[in-house]
Amino acid sequence: MQKKIDILSLADQELQTELFSLGFEKYRSKQIREWLWKHAVRSFELMSNLSKEHRTKLSDYFYIPTIELDKKQTSNDGTVKFRFKLYDGKLIESVLIPVEDKERYTVCVSSQAGCSLTCSFCATGKMGLLRQLSVSEIFDQYILVNEECKSRYGKNLSNIVFMGMGEPLLNYKNVLGSIQRLSSEDGPNLSSKRITISTAGISKIIKKLADDNPNVNLALSLHAANDEKRSEMMPINETNSISSLMESLKYFSKHSTGKISFEYIAFEHFNDYASDAKNLVKLCSHFPVIVNVIEFNPVTGVDYEKSSEERINAFARMVRESGVMITIRRSRGKDIDAACGQLANRV
Ligand code: SF4
C-alpha cells in the first residue's frame, strides 16, 4: 500500500497539485486548506462540506499528524504549562502567560524538541537536540493553548513568543513557515507585531530574518554584557560574539520594523554587578532596545542562583538612570515546573 502523505507538510500549491491528481475540483483545495489552518480540524471526518466519498479519499491518501496534551500544570498566578506529546512520542512544552489587567495573553511555544545549544542555566539544554519541530507542530501549540485561553479567560491569545524549548533560528524554515500560517488570513490572522522570536544569538540568521520577515520582533537572550561571562553560560557565544551580534542587530534595526529587546536573566553575584550594568548600557547605545531583566526560575542541577530583589532593583535602577528602557519580569509559575525544559525533562 502507498505510504500516506502528511497533509500539513504540503505548501498550498503542492496541496492543490495532489488534490487535482486525485480528481478533486480546483475549489476544494481552498476548502480543505481552511479546514486545516483556519478551523484547525485534525480529522477529515469533521470537514463537513465535503462528501463522504471525498473524506474517505482524503484519509486513504493523506494523514494529519497531531500533537496531544500529555500533562498540564496550573500555577496560582494563572500561568499554565503544557507538555505535549508528538506523534513519535517526543515531548515538548508550551506556556500560557496571562496578564489579565492588560488583556495580554501570551503563548510561549517550542521550536525544537530539545536543543543543541547547551546553555548552562537551562533544563532543555541538558536534553540535547532530539529533532526539529514541523510547521504544524509549532502551529498546533498555538491552537491548543488558544483553546485553553478561551475556556479559562474567554479571550483569544494576543501574543506569541518563540521562547520555549529550542533555538528558533536553528529551525528557521519551519519557524518562518509557522509564522506565515499564523499570520495568514487563511489561519488565525495574527499580526506580526504580536510575534516575537527569541534567540540565543546566531548572527548570520538574524540578518537573514531582517531580510525575510522584517515585521516580527526579536528578543536576544543576552544574559551577560561581556564575552567572557556570556561564553561561560552560553557556548554559542564563542562563535557568535557580542560584537558580531550587535552588528547583526544594527542591520535588523535598519531593515526591519520589528522591535528589539534584550533578555537578561539576573544571576546572583555573577552578572548583576554595577560593572555589568555599565557594559549593558553601552550595548544599548547602538539601536533602540528595551531590556527585560528576568528573575531566574531555579532549575534542578543548575548551580546559578537567582539575584536577590535588592540586587535586581539596584541593577535595573543603574540601567534606567542611564536612559535605557528597562523592565523587571518577576518569574511566573514558581509553584510549577515553569522554567523552560523542566516539565519535558521530568518523565
Ligand atoms: S536557553 Fe534556549 S538556546 Fe539555550 S539551551 Fe535552553 S532552549 Fe537552547
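**Group meeting: a walk through the model**

Okay, let's start with Ala40, which counts as buried because its relative accessibility is 14%. For anyone asking about cut-offs, buried means under 20% relative accessible area, exposed means over 50%, and partly exposed is in between, with a 1.4 Å probe and protein chains only.

Quick housekeeping. This is a predicted model, so local features need pLDDT of at least 70 and side-chain atom pairs count only at pLDDT 80 or more, while totals for chains, interfaces and linings use all residues. Residues are numbered from 1 along each chain as its sequence is written, and side-chain values use heavy atoms, with hydrogens and water left out.

Back to Ala40. It sits in the loop between H2 and helix H3 (52-61); helices here are DSSP runs of H or I with at least four residues, strands are runs of E with at least two, and both are numbered from the N terminus. What is the phi of Ala40 near? It's near 50°, a positive value in a residue other than glycine. As background, most residues other than glycine have a negative phi.

His223 goes on the positive-phi list too: its phi is near 65°, and again the residue is not glycine. You'll find His223 in the loop between strand S11 (217-221) and helix H7 (227-233). Is His223 buried or exposed? At 4% relative accessibility, it counts as buried.

For contrast, take Lys26, in the loop between helix H1 (12-21) and helix H2 (28-38). Lys26 has a relative accessible area of 60%, so it is exposed. Its C-alpha atom is separated by 42 Å from that of Ile202, 176 residues apart along the chain.

Now the domains. The protein is divided into domain 1 (5-63) and domain 2 (68-345), with bounds from an automatic or database domain assignment. Their C-alpha centres lie 34 Å apart. The contact, meaning heavy atoms within 4.5 Å, takes 12 residues from domain 1 and 10 residues from domain 2.

Next, a helix pair. The axes of helix H9 (residues 274-283) and helix H10 (residues 309-321) come within 9 Å and cross at roughly 35°. Those axes are lines fitted to C-alpha atoms over the stretch in contact, and angles run from 0 to 180 degrees between N-to-C directions. From H9, Ala274, Asp276, Ala277, Leu280 and Val281 meet Phe315, Met318 and Val319 of H10. By class, that contact has 7 nonpolar residues, no polar ones and 1 charged. In this scheme Ala, Val, Leu, Ile, Met, Phe, Trp, Tyr, Cys and Pro are nonpolar, Asp, Glu, Lys and Arg are charged, and the others, Gly among them, are polar.

Then the ligand. Which residues are around it? They are Cys115, Leu117, Thr118, Cys119, Cys122, Thr124, Gly125, Gly166 and Ala200, where a residue is near if one of its heavy atoms lies within 4 Å. That shell has 5 nonpolar, 4 polar and no charged residues.

Last stop, Asn292, in strand S13 (residues 290-295). Asn292 counts as buried because its relative accessibility is 6%. Leaving out residues up to four places away in sequence, Asn292 touches Ser261, Phe262, Glu263, Tyr264, Thr327 and Arg329.
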